[in-house]
Amino acid sequence: MKKQFIICGWHMNQDSLIDGLIEIQKKDDIDVFWSCHKAPTQKIKDNFNCKEFYNGAEEMGAYQQAIDYLELDKDTILFCMHDDLIINNWGFIEACIEKLNEGFKVIGNGYNPGHSHNPDQPAFPDWD
């Protein structure tokens, strides 16, 4: 089972997030991909797989562009995160995996005002 992080955003300067991702990528068999809407910083280019995409549909567009580009397997556990997050405890990764193992399909941090999504419609319709 592959664990994949997709990071997007404009800032690309949250060192605590970047340094944390570098560490978990090394020790926890996690792939990190940076979906960029502007040229990535040298630190991001040096440490992560990244690609610059056209900025269409803000974060949701960035995640979708990365998902399409990466062609992820059906059993991939995917974490989509914005680049200005401050992570206080990386234990959330295992906590999320535990919930997925209990039968949860999606775990999120809440609703984005101005965006709607039908929870009965799969985000990836070709996946079972």
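Which residue forms a salt bridge with Lys43? The close-ups below, taken from a predicted model, start with that pair.

**View 1. Lys43 and Asp15 form a salt bridge.** The partner of Lys43 is Asp15, and their closest N and O atoms are 3.3 Å apart. Lys43 belongs to helix 2 (residues 42–47) and Asp15 to helix 1 (residues 15–27), so this contact ties together parts that are 28 residues apart in sequence. Lys43 is partly exposed, with a relative accessible area of 31%, and Asp15 is partly exposed too, at 41%.

**View 2. Lys2 and Asp31 meet through their side chains.** Here the salt bridge spans 3.5 Å from N to O. Lys2 sits in the segment before strand 1 (3–9), while Asp31 is part of strand 2 (residues 30–36), so the pair links parts that are 29 residues apart in sequence.

**View 3. Lys99 pairs with Glu102 in a salt bridge.** The closest N and O atoms of these two residues lie 3.5 Å apart. Lys99 is partly exposed, its relative accessible area being 36%, whereas Glu102 counts as exposed at 54% relative accessibility.

**View 4. Asp15, Asp19 and Lys43 belong to one network.** Back at the pair from the opening view, salt bridges with shared partners join Asp15, Asp19 and Lys43.

Technical notes: Residues are numbered from 1 along each chain as its sequence is written. This is a predicted model: local features need pLDDT of at least 70, side-chain atom pairs count only at pLDDT 80 or more; totals for chains, interfaces and linings use all residues. Side-chain values use heavy atoms; hydrogens and water are left out. A salt bridge is a side-chain nitrogen of Lys or Arg within 4 Å of a carboxyl oxygen of Asp or Glu. Helices (H or I, at least four residues) and strands (E, at least two) are DSSP runs, numbered from the N terminus. Buried means under 20% relative accessible area, exposed over 50%, partly exposed in between (1.4 Å probe, protein chains only).
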